[in-house]
Amino acid sequence: QSSVPSLTSDPDSTMLVPAGDHYTMMDFATAYFREAQSMQGLKGMSAEKKNAADLVQHTKVPIQESLLYYSDSELNELATKNFKTVMRLMGDQSKLKNQNEVECIYEILQLCKEKENLHDEVYCQVIKQVTLNPNQESVLRGWLLLNLLTGYFLPSKVLMPYATKFLQLASSDPSSTHHDIAKICQSNLRKNFMYGGRRHLPFPVELEALLKGHGARRLVILMPGGVEYLTRIKTFTVAKEVLQEICEQMGAGEQEEMQEFVLFAIRSDSNNLGKPIRPEEYLHDYLLEDKLVTVTLRRLIWRTPLHFENKIYTDVHYGQMRWDYLNGRILLGHSKEMEVQVGILAMLQHWAKTEQQSAAPSREELKEYTPKALQSSISPQALQNHVGMLLRTRQPLQPVDAKIQFIEHMMKLPFFGYNTYFVERVSDDTICVPCFFGVNKEEIIVVDGTTLAVSCVIPLKELQKMRTLRPNSDGGLPGIELSYGSPASPKSMWLELSQAKEMYHTIVAILNKTELHH
């Protein structure tokens, strides 16, 4: 096979894009198609060119051999069988009994998943069948298949510049009916090149929607504080595209701050354990057909100073901090000072309600404003008296100002900024259990379950290795093993907790975002 000539770099990515007029599919066919190799001896260039052009054009007749040469007869057979499936999908051949379009697509994608050697062959087959095809409906089906191929499977380095050039030419022709989908294919290929393709083949419901022309689906992102953000995602939308969209709406569009937020996928059938979605991961890989997954937004890292000129931004931060405060995600010790804080924070939550509260809060409301962990140790009567006195002696605030003051109070708490996990067993017998482990942008801390004294600190830059552990027995807890310290003085520790996977993935997400990992 001839070597691939030099390529130029596309400014949008590191993907290689052909320059000039080279790299047409006709050039590729001349160099690599089985039939072109056997026609090399034909007299006259024009005859050779005409035949090469025929090789990359739509045909109504199924091919008898693979387009590319394979010494393996099984691959040749699979290729010719696949061409018929492509023709059935595109309506150029009648479908088999009880076979529908979704099954045709599955068959083709499954073949590509199982046989990497056939990626180039399948690309060439589909490109051939959409080129100079007189039937618009057939062309549309072919491009729909290319849309899926480009997002799932990369062509080889040899075919890549030719496939890229083909998409470039198709997308730059505004008169064609498919220039928009060709642009989507270009974007898919670029993402696939940078991040790898989607992991899971699509569910039938997703393919049915695509076949009906619905290229995007609604996705509700649950924001902190119960606000729902509605967006639309395409087949190959990655998390960072949605994060960028939300952050821009919140007025947090600067790259540095945007990186401090993360989308979590939470499964309702697994005790609401969440997994942070990496920025380069495809959202559809998390969205199961059975509607068990909720996607939520959280701020994971607190490095960039907060700013409150945007209402959504203020509401999101207030919602997250209030939820964490009330549900034990921020560790709070019981002391006289803490009781005073609880009173002030109850008053601020009361004022933060949109309907301006002139009346003092009821016992029931005060319970809603008090962290669950402190409800048994704080006297409801004492709290009611304290909040009543505060409300009589202070000038009420507008809801937005009350929210900002609540946020500012939260940020002064000793364990603010740590993602906290309740741990039931630890291998280090100097640590009393149960205890808490906290993870922030710099370190992992171990906190005594009773006194809240910090008994151990592991800087993240010293974390060498980490793995999840399966439960030792039925009904046992999963765990994490941490290897840390310096190469000269290595240490390790295992811990058992119900949120082992969430903690593991959260540490990985923080390491990826802070680039502390080496």
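Two strands count as paired if DSSP finds at least two bridges between them. Helices (H or I, at least four residues) and strands (E, at least two) are DSSP runs, numbered from the N terminus.

The model is predicted: local features need pLDDT of at least 70, side-chain atom pairs count only at pLDDT 80 or more, and totals for chains, interfaces and linings use all residues. Residues are numbered from 1 along each chain as its sequence is written, and side-chain values use heavy atoms, with hydrogens and water left out.

**Exercise 1. Trace the sheet**

Task: Find the bridge partner of Ala265 in E7, then work out the order of the strands in the open sheet.

Solution: 
- Step 1. Start at Ala265, whose bridge partner in E7 is Val295.
- Step 2. Now look at the whole pair: strand E5 (residues 261-267) is joined to E7 by seven bridges, and the two run antiparallel.
- Step 3. Recall a general point: strands of a sheet pair through backbone hydrogen bonds, either parallel or antiparallel.
- Step 4. At the edges sit strand E4 (228-234) and strand E6 (274-277), each of which pairs on one side only.
- Step 5. On average, neighbouring strands of this sheet are turned by 40° against each other, direction ignored. Axes here are lines fitted to C-alpha atoms, for helices over the stretch in contact, and angles run from 0 to 180 degrees between N-to-C directions.

**Exercise 2. Explore the largest pocket**

Task: Why does the largest pocket lie between domain 1 (25-206) and domain 2 (216-299)?

Solution: 
- Step 1. On a 1 Å grid over the protein atoms alone, a cavity is a set of points where a 1.4 Å probe fits but cannot get out, while a pocket is an open set with protein on both sides within 12 Å along at least five of seven lines; lining residues have an atom within 4 Å of a point. Grid points are joined across faces, edges and corners, and a volume is the space filled by probe spheres set on the points.
- Step 2. The largest pocket holds about 720 Å³ of space. Among its 33 lining residues, Arg217, Arg218, Leu287, Leu288 and Lys291 are the closest to its centre.
- Step 3. E3 gives the most to this lining, with six residues.
- Step 4. Both domains give residues to the lining of the largest pocket, so it lies between them. The domain bounds come from an automatic or database domain assignment.

**Exercise 3. Look inside the cavities**

Task: How many cavities of 30 Å³ or more are there, and what lines the second largest cavity?

Solution: 
- Step 1. The count comes to two cavities of 30 Å³ or more.
- Step 2. The largest cavity has about 110 Å³ of space. Of its 13 lining residues, Arg298, Trp302, Asp324, Gly417 and Tyr418 are the closest to its centre.
- Step 3. The second largest cavity has a volume of about 30 Å³; its lining is made of Val262, Ile277, Arg278, Pro279, Ala509, Asn512 and Lys513.
- Step 4. Helix H18 (residues 500-514) provides the largest share of that lining, three residues.
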